[in-house]
Structures are given as C-alpha cells and as structure tokens.
Amino acid sequence: MKKDILKKAFVASVPVLSGYLVIGLSFGVVLQSRGYGPLWSAAMSAFIYAGSMQFVAVELMSSAASLFTVALTTVMVNMRHVFYGLSMVDRYKNTGKARPYLIFALTDETYSLVCNPPEMAPEDEKSFYILVSVLDHVYWILGSFLGSLLGSVLPFSTEGIDFALTALFVSVFAEQWLSTKDHVPALLGLGASVLCLLIFGADNFLIPSMLLILLGLSLYRKREGARA
Amino acid sequence: MTHSILVIAVTALVTLVLRFLPFLVFGGKRETPAYISYLGRLLPYAVMAMLVVYCLRNISFAAAPFGVPELVSCAAVILLHVWKRSSILSILGGTVCYMLLVQLVF
C-alpha cells in the first residue's frame, strides 16, 4: 500500500474524524445515561455502524419495542443507504475480497468521501476506498467508546462542533458543483428535498425525496435520450 | 439484557441488508444495467443536496435564531470552497464559524 494513498485517505477523512468523535462521544454519553457501559457502545458502533439509527436503537432498547417494530423503524431510518449503494455499484465492482466490508461500511460520511475521491491513479482507488472506510469506522467506534467512558466531563465547550458533518456535505456539494457543467441533478436534489421537507416534515421527508429524485432523474434521462 | 442484544442484532442485520440490497440486485458478474450506471453518475449530485437538507431539517425559520447560524456557516463553507477549493479549509472554516456563532452570538 502506497504511503501517499494513506496520506490522501487520512486528509480526506479528517472532517469525519472530528464529526464522528463528537457525535460518537454524545452517543456514548446517551448510552451511559441509560445504564449501558463502554462495551455496549463500542459493540453497537462496530456492528450497526449507522449514526442516527443507533440513537433510535437506544430508545428501542429502553422501551419494550417488539422486534418487528425495530426492523420496520430501521428500514424507515436507513432506507437512504439503498440509494448510496445504487450509485456505488460500478465503483465498487472490482474491489475483490474487500467488497463486503466496503458495502457494510458505507455510511453517509464515508459515501460522501468515496463518491467524490481526490485525484489519483485508477489502480489506487481501491486502496483509497478501503482506507477511508476503515479509518471512519475506527473514529466512530473510538468516539462512542470514549463517550461512555468519560461521560460528561469534557473540559471545554464543544457545542456546535458536530456542524463539521454538515460542512463536509456542503463542501462536497460545492466541489461537485464546480466540477461539472450539468447542474440539473444537484438542483433536482435540492428542490425535491426542500419541497418534501415542507410537505412531509422533518421526520418523514427522506423517502418521498428519494422517490422524487429517482423520478426526476429518470425523466431527465429520457429527455437526454441516447446521450445518457 | 436479552431484549437489548436482540434489538442491536435486528438493527444491525436490517441495516446490513439495506446496504447490500443494490449490490445483490445489480452488482453481479453481468454488465451493470445502463440505467444503474446512469444513476451512479448523476445520483451523487442529487444525494449530496439531499444530505445537506437532511442535516438542516430541524432548523426553524419561525423562531429565533431563524436558522441564521446554520445558513451563515453554510455560506461560509461555499465561499471558502469557491475561493480555495480546499475541503479541509472549507470544513474547518465553516465549523469554527458555526461554533463561534452558537456559543458567542446566539
């Protein structure tokens, strides 16, 4: 494995490092407050590895939710991951033995890094995907483990540091915008999401947004005809 | 205890299935269908916009601070990015801007 690829992967993953440590910490703190120790939070972060769903899972664990409810809730919260996979089928095609892990580790943040990798030789991309996935996973486990270990004794105010994840998505959006002339998909995504947010509200807008985006892109492809 | 372990197991399993689904359906040895390749090229642009909206979904324009810290910091990220095109600088700048705004101003 080349050293400069490791450097590229690490540099790309720094925003995720800060975001995951902070959100992982708060996850650990929440779990601790419900009476679950560091091993629980490390295990959940290692095996579920889906941020928002883990917070929801804590609620489900503390209530007497049926396993059917748990499964259904997970589908609703994590449906967007199907969407990420759809756009990574080609990129992850020739990743060999690492492929199952790469697919498992495809979180929102890892997706934002691997769908928009920095300039590099095509043969290095596989190493980049693997390194970014492993690094992000480690940050996440470490953050949640530390969170339940330390509880709420952090010496300074980190209020607002989780904005790093929002900033990550905004910067990827800006980078994508600058690197293409065709802004229809970006505007479609923005318009569809805002529209669905206004209609369906914050808790229910993701699935209708995804459907609307798929519909819009399908229509766009028809109009583009043979070119697409 | 048993219930908690089962909740974790089911959550992990369902998440895993969702993540594998598109690869199981379209990721075989056969050529990827043209439509899926098309989605692979254009979907990331739309998804990133959706993720930004997802992150900002809970801000309220009806009550103080009216989403100002979020919108100003997002604008800072975009301006920094257009200026230098360095992801680290854009993200760091936007995050520090947001932390300052929520801790000191609002």
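From the N terminus on, chain A reads α-α-α-α-α-α-α-α-α-α-α, which amounts to 11 helices and zero strands; helices (H or I, at least four residues) and strands (E, at least two) are DSSP runs, numbered from the N terminus. The radius of gyration of chain A is 19 Å, close to the 17 Å given by the globule rule for 228 residues, so chain A is as compact as a globular protein of that length. Here the radius of gyration is taken over C-alpha atoms, and the globule rule is 2.2 Å times the number of residues to the power 0.38. The model is a predicted one, in which local features need pLDDT of at least 70 and side-chain atom pairs count only at pLDDT 80 or more, while totals for chains, interfaces and linings use all residues. Residues are numbered from 1 along each chain as its sequence is written, and chains are lettered from A and ligands numbered from 1 in the order in which they are written.

Along its principal axes, the C-alpha trace of chain A spans about 60 × 50 × 35 Å. Of its 228 residues, 47% count as buried; a residue is buried if 20 or more other C-beta atoms lie within 10 Å of its own, exposed if 12 or fewer, and partly exposed in between, with C-beta atoms placed from the backbone. Two residues are in contact if their C-beta atoms, placed from the backbone, lie within 7 Å. Among contacts in chain A between residues at least 6 apart in sequence, 75% join residues at least 24 apart. One residue to look at is L219(A), found in helix α11 (residues 206-224) of chain A. L219(A) is exposed, with 11 other C-beta atoms within 10 Å. Its C-alpha atom and that of S63(A), 156 residues away along the chain, are separated by 44 Å.

The C-alpha atoms of chain B fill a box of roughly 55 × 45 × 30 Å along the principal axes. Buried residues make up 42% of its 106 residues, and residues 24 or more positions apart account for 31% of the contacts in chain B with a separation of 6 or more.

Helix α1 (residues 2-26) of chain B has 25 residues and reaches 36 Å from its first C-alpha to its last, close to the 36 Å expected at 1.5 Å a residue; the expected span is 1.5 Å times one less than the number of residues. α1(B) bends by about 40° at F20(B), and a proline, P22(B), follows within four residues. The bend at a residue is the angle between axes fitted to the seven residues ending there and the seven starting there. Buried positions in α1(B) include V7(B), V10(B), V14(B), L18(B) and P22(B). The buried residues of α1(B) pack against α2 (38-47), α3 (51-62), α4 (67-78), α5 (80-88) and α6 (99-104) of chain A.

α2(B) has 22 residues and reaches 31 Å from first C-alpha to last, close to the 32 Å expected at 1.5 Å a residue. This helix bends by about 45° at L42(B), with a proline, P44(B), following within four residues. In α2(B), 16 of the 22 residues are buried, so the helix is largely enclosed by the rest of the structure.

Two loop residues of chain B stand out for their backbone. F66(B), in the loop between α2 (34-55) and α3 (68-84) of chain B, has a positive phi of about 55° although it is not a glycine. With 13 C-beta neighbours inside 10 Å, F66(B) counts as partly exposed. R85(B), in the loop between α3 and α4 (87-105) of chain B, also has a positive phi of about 55° without being a glycine. R85(B) counts as partly exposed, with 14 C-beta neighbours inside 10 Å.

Finally, the contact between the chains takes 70 residues from chain A and 58 residues from chain B. Helix α9 (residues 163-178) of chain A gives the most to the side of chain A that touches chain B, with 15 residues. By class, that side has 49 nonpolar, 15 polar and six charged residues, where Ala, Val, Leu, Ile, Met, Phe, Trp, Tyr, Cys and Pro count as nonpolar, Asp, Glu, Lys and Arg as charged, and the others, Gly among them, as polar.
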